[in-house]
Amino acid sequence: MVEPLRVCPSDVLEERGLGVQWELRYCGMEERAFALRIDGQVYAYLNRCAHVPTELDWQPNEFLDTEKRYILCAVHGAVYSPKTGACVMGRCGRAGLIPVRVAEFDGFVHWYPSDTLQPPLEPAAPAPGEPTAPAP
Ligand code: FES
């Protein structure tokens, strides 16, 4: 059974507001995902355009267009459905966004790892005898 992992408190995600991002690995690569609330439901995708593998947000955590209807790629303006991740217009092709399974319970948004989407690796612990980082 796949254990869900916390993303953020549910009330952080406002209706068609800013997204919340978190780090994960996609096929072994360090990437970020984002979650948005649309019509009361939470949807999440890898923060990666289907045209060129670059992040989508045009300002930090700003994923929606000015009318708050579609997810917009900041680089070449590809437009995606926020509920399906499908390409609506532009250079996003048939693939669309890569969905991340999410659920809300206990007052938090959670995501579910999969074969291709995994939690980030923990920072490597210092080897025995190796100096540790100084305290701030
Ligand atoms: S990188 Fe997103 S449309 Fe080109």
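This is a predicted model: local features need pLDDT of at least 70, side-chain atom pairs count only at pLDDT 80 or more; totals for chains, interfaces and linings use all residues.
A residue counts as buried if 20 or more other C-beta atoms lie within 10 Å of its own, as exposed if 12 or fewer do, and as partly exposed in between. Arg 16 sits in the loop between E1 and E2. Because it has 15 C-beta neighbours inside 10 Å, Arg 16 falls into the partly exposed class. Its backbone is worth a look too: the phi of Arg 16 is near 50°, a positive value in a residue other than glycine. Most residues other than glycine have a negative phi.

Three strands form an open sheet in the order E1-E9-E8, and their pairing is antiparallel. Strand E1 (5-9) and strand E8 (102-105) are at the edges with a single partner strand each, so one side of each has no neighbour in the sheet. From one strand to the next, the twist averages 30°. Between E1 and strand E9 (residues 108-111), which run antiparallel, there are four bridges.

The loop between E8 and E9 holds Asp 106. Asp 106 is not a glycine, yet its phi is positive, at about 55°. Is Asp 106 buried or exposed? With 9 other C-beta atoms within 10 Å, Asp 106 is exposed, because the cut-off for that class is 12 or fewer.

Strand E2 (residues 20-26) pairs with strand E3 (residues 29-38) in the antiparallel sense, over seven bridges. Among the residues involved, Leu 24 has Glu 31 in E3 as its bridge partner. The hairpin of E2 and E3 has two residues between the strands, and Cys 27 there takes a positive phi near 50°.

E3 has a further pairing to show you: six bridges join E3 to strand E4 (residues 41-46), and these two run antiparallel. Here Ala 33 stands opposite Leu 46 in E4. Which residue takes a positive phi in the hairpin of E3 and E4? That is Asp 39, with a value near 50°, in a hairpin that has two residues between the strands.

As you trace these pairings, remember that strands of a sheet pair through backbone hydrogen bonds.

Notes: Residues are numbered from 1 along each chain as its sequence is written. Two strands pair if DSSP finds at least two bridges between them. Axes are lines fitted to C-alpha atoms, for helices over the stretch in contact, and angles run from 0 to 180 degrees between N-to-C directions.
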